[in-house]
Amino acid sequence: MTRIVQMEEDIFWALILRSKTNHCQCILVAYTFGHKDLQTCQVWVDRVTSFINMDDRRPKNILVFIHPLSGKGNGCRTWESVAPIFSRAKVKTKVTVTQRAGQAFDVMASIEDIELKSYDGVVSVGGDGFFNEILNGLLRSRHNAALPPAPEEIVHFVANTGTNEIEPEISNQDQDPLLQCSGSRLSSFRNGIEARSTGQNATLSFPNEHLRLGIIPAGSTDAIVICTTGTRDPITSALQIVLGKRVCLDIAQVVRWKTTTFSNDAPFVRYAASFAGYGFYGDVIKESENLRWMGPKRYDYAGTKVFLKHRSYEAEVSYVEVSEELEDPTSKNILDSGTRSFVSAEKPERVICRVNCRICSESAKTTQILTNGSSLTQYNNVRTSRWLQSKGRYLSIGAAIISNRNGRAPDGLVADAHLSDGFLHLILIKDCPRAFYLWHLTQLAKKGGNPLNFKFVEHHKTPAFTFTSCGDQSVWNLDGEVLQAHQLSAQVFRGLVSLFASGPEV
């Protein structure tokens, strides 16, 4: 129920129903009823208004950013279609239509925390890339957490079994390997962050119970919205915002240590909410940057062009191993140690993330809350985990934070990835014949497919990884945005931000 208003002797009552064809989609339906006594009608209105005002979950004041060129350039029209919902729900909105790239980031990074705390949420009207811009503006100068280790901090050795294990160089054994500093470079970098935060009297920490983020889809893929609401519908997203729905979302912190092979850069921090990809995924996003005039079709064109080139890259990836007994027992690893054909008929059991997800809820019980307000899973403890290495030529390297369901991949990159379990899904696609890679891609595009069930595919569930390119060219795709990085590290923070969403319905 979003509003009751007096109309002479009648009451206009707006209700939310579920679509019969898509149970995740909400439909706004209006009913009119009344009473001959206008005073009675007013009592009804006052009581419902009072009930709504007492609901602390519902936002009262939100900050809205609109990307006018997102998707097919319908960002403003999308907002106009949902703006009456916010008005009827008595939600105040401060709307900014961006005029240039990076404007939303600049506003979020420069806004005083005391002003930001006056809002119940920040809503983006656009695609995944635009949401990423707002997310980075919010977190980059406010999320004060130690960075993951740089690749050169890790000492490699080959075990007798032939598996490459990695031992971090740790000066203090009581510290966590993911909390190690990277020498003077990291110290000066972190001091700079703290100085900027102090300059703006930072009082906002994460995870944050008050401030929530929201997305009204108007992009090309809208994977985050589909994974958190179950549908790509602006009305549904708007209704979940005004009703004050909440779901926690893992966020990956990605640190670029080197841009090129011989560069000596300061660490550069980015945050991602859905996906980080290299190789095929990086080439596609780079190729599509100059084709924005094509709208969403640019990804099909760029993807075909990159697929035909069939380029592979030599790289080295290190990741934190998670023992099988610590993973969810209902989840089966779809990989074998070696002697399997290119595809297997055996299908893994999938536990899909839904409303009131058991896995996301149970992961909170085993999460260690750090003193700075950030959360890392128990698997980051050096006493219970080890680092492994994979090196070779890859067609693509991807790290999925969520399942990334979208129109081109109905089950997503990893069907059983969860919104808030504290893990990245590291997907390494080794160099293989073009026909086999096409087979993998067709499985991605197929409902109920098994895109990870191939011998040339490695799938690792991990809280952190590092990457080093063995070549000169290295382009990454972070939530639809280009990042050039020869060397980077990533770690995931469980439930770092909250979204105005409830998760997909069954």
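Q: How many residues does the largest nonpolar core have, and which of them have the most contacts inside it?

A: A nonpolar core is a set of buried nonpolar residues joined through their side-chain atoms. In this predicted model, the largest such core has 44 residues, and V122, I251, V497 and L499 are those with the most contacts inside it.

Q: Which helix gives the most to this core?

A: That is helix α5, residues 128–139, which contributes six residues. The core also draws on both assigned domains, taking at least three residues from each of domain 1 (11–145 + 206–248) and domain 2 (251–323 + 351–494).

Q: With which residues is V122 in contact, once its neighbours within four places in sequence are left aside?

A: V122 then touches L63, F65, M108, L116, I134, L211, R212, L213 and G214. Apart from the core lies another one, of 26 residues, including A272, V317, A490 and V492.

Q: How should I read the way helices α10 and α12 cross: are they roughly parallel or roughly antiparallel?

A: Angles over 145 degrees between the N-to-C directions count as roughly antiparallel. The axes of α10 (residues 297–309) and α12 (residues 434–444) come within 10 Å and cross at roughly 150°, and the two helices are therefore roughly antiparallel to each other.

Q: Which residues meet where α10 and α12 come together?

A: From α10 there are F307, L308 and K309, and from α12 there are R434, Y437, L438 and L441; the residues of this contact divide into five nonpolar, two charged and no polar.

Q: What share of the protein chain counts as buried?

A: Of its 506 residues, 55% count as buried, and the chain holds 12 helices and 22 strands.

Notes: Residues are numbered from 1 along each chain as its sequence is written. This is a predicted model: local features need pLDDT of at least 70, side-chain atom pairs count only at pLDDT 80 or more; totals for chains, interfaces and linings use all residues. Side-chain values use heavy atoms; hydrogens and water are left out. Axes are lines fitted to C-alpha atoms, for helices over the stretch in contact, and angles run from 0 to 180 degrees between N-to-C directions. Helices (H or I, at least four residues) and strands (E, at least two) are DSSP runs, numbered from the N terminus. Angles under 35 degrees count as roughly parallel, over 145 as roughly antiparallel, 65 to 115 as roughly perpendicular and the rest as oblique. Contact means heavy atoms within 4.5 Å. Ala, Val, Leu, Ile, Met, Phe, Trp, Tyr, Cys and Pro count as nonpolar, Asp, Glu, Lys and Arg as charged, and the others, Gly among them, as polar. A nonpolar core is a set of buried Ala, Val, Leu, Ile, Met, Phe, Trp, Tyr and Cys residues joined through side-chain atoms within 4.5 Å. Buried means under 20% relative accessible area, exposed over 50%, partly exposed in between (1.4 Å probe, protein chains only). Domain bounds come from an automatic or database domain assignment.
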